[in-house]
Amino acid sequence: MACWVLKSSLSPDAVAPGWLPGTTRELNRCLRRSYRLTLMRPGQPCLLWVSGPRRPGVHALGELAAAPVEDDGGPVVAVRLTRLAEPVARADLLAEPAARDAEVLRMPAGSNPSWLSPAQYAAVLAHAGADLPPTPCRVLSRGWDHGSS
């Protein structure tokens, strides 16, 4: 795994009113209880995937700001996300050989969080192009070992 995928049916504007492209927000995202929560660590790359009929795809890139915790409504995780100027479209990732088998594309109604392999995450980063915030690149190059950072 190279990146956590946090899904939302809401647009970034609805997730965080006033969130402008190119700016960073720290948000709490709801999760489903699973073994995956024990694998999540601060500093690991993550992205915001917006599902549904209007502009599905990757709308923000960033990292986990904390480990998941239990909230009144269930598990949540704090994330630090930078909104992309233009989303990485679901259709673009489906057309990308390295990304088309991503869990979020195969099972859009699957668990939250989902994940991307290194090749799938690299495809997202390549499509994000100039909109790419520096943090995910640095985190990806360090891999999952965040004990020394």
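This is a predicted model: local features need pLDDT of at least 70, side-chain atom pairs count only at pLDDT 80 or more; totals for chains, interfaces and linings use all residues.
Q: Why is Tyr35 called exposed?
A: Tyr35 has a relative accessible area of 55%, and exposed means over 50%, so Tyr35 is exposed. Tyr35 sits in the loop between β2 (24–30) and β3 (45–50).

Q: What makes Met1, Tyr35 and Leu39 a nonpolar patch?
A: A patch of this kind joins nonpolar side chains within 5 Å, each residue having over 30% relative accessible area and no salt bridge. Together with Met1 and Leu39, Tyr35 forms a nonpolar surface patch with about 300 Å² of accessible area.

Q: Which residues of helix α4 are called buried?
A: In α4 (residues 118–128), the buried residues are Gln120, Tyr121, Ala123, Val124, Leu125 and Ala128. Buried means under 20% relative accessible area.

Q: Which element gives the largest share of the largest nonpolar core?
A: The largest nonpolar core has 20 residues, and Leu47, Trp49, Val58, Leu61, Leu93, Leu116 and Val124 have the most contacts inside it. The elements that give two or more residues to this core are β1 (3–8), β3, β4 (57–64), β6 (74–89), α3 (103–106) and α4. The largest share, 5 residues, comes from α4.

Q: Which residues is Leu47 in contact with, leaving aside neighbours within four places in sequence?
A: Leu47 is in contact with Cys3, Trp4, Val5, Leu6, Val58, Ala60, Leu61, Leu81, Leu116 and Val124, beyond those neighbours. Another core, of 17 residues, lies apart from the largest one, and includes Leu6, Leu31, Leu48 and Ala60.

Definitions and conventions: Residues are numbered from 1 along each chain as its sequence is written. Side-chain values use heavy atoms; hydrogens and water are left out. Patches are made of residues with over 30% relative accessible area and no salt bridge: like charges are joined within 9 Å, nonpolar side chains (Val, Leu, Ile, Met, Phe, Trp, Tyr) within 5 Å. Accessible areas come from the Shrake-Rupley method with a 1.4 Å probe; for residues, only the protein chains shown count as cover. A salt bridge is a side-chain nitrogen of Lys or Arg within 4 Å of a carboxyl oxygen of Asp or Glu. Helices (H or I, at least four residues) and strands (E, at least two) are DSSP runs, numbered from the N terminus. Buried means under 20% relative accessible area, exposed over 50%, partly exposed in between (1.4 Å probe, protein chains only). A nonpolar core is a set of buried Ala, Val, Leu, Ile, Met, Phe, Trp, Tyr and Cys residues joined through side-chain atoms within 4.5 Å. Contact means heavy atoms within 4.5 Å.
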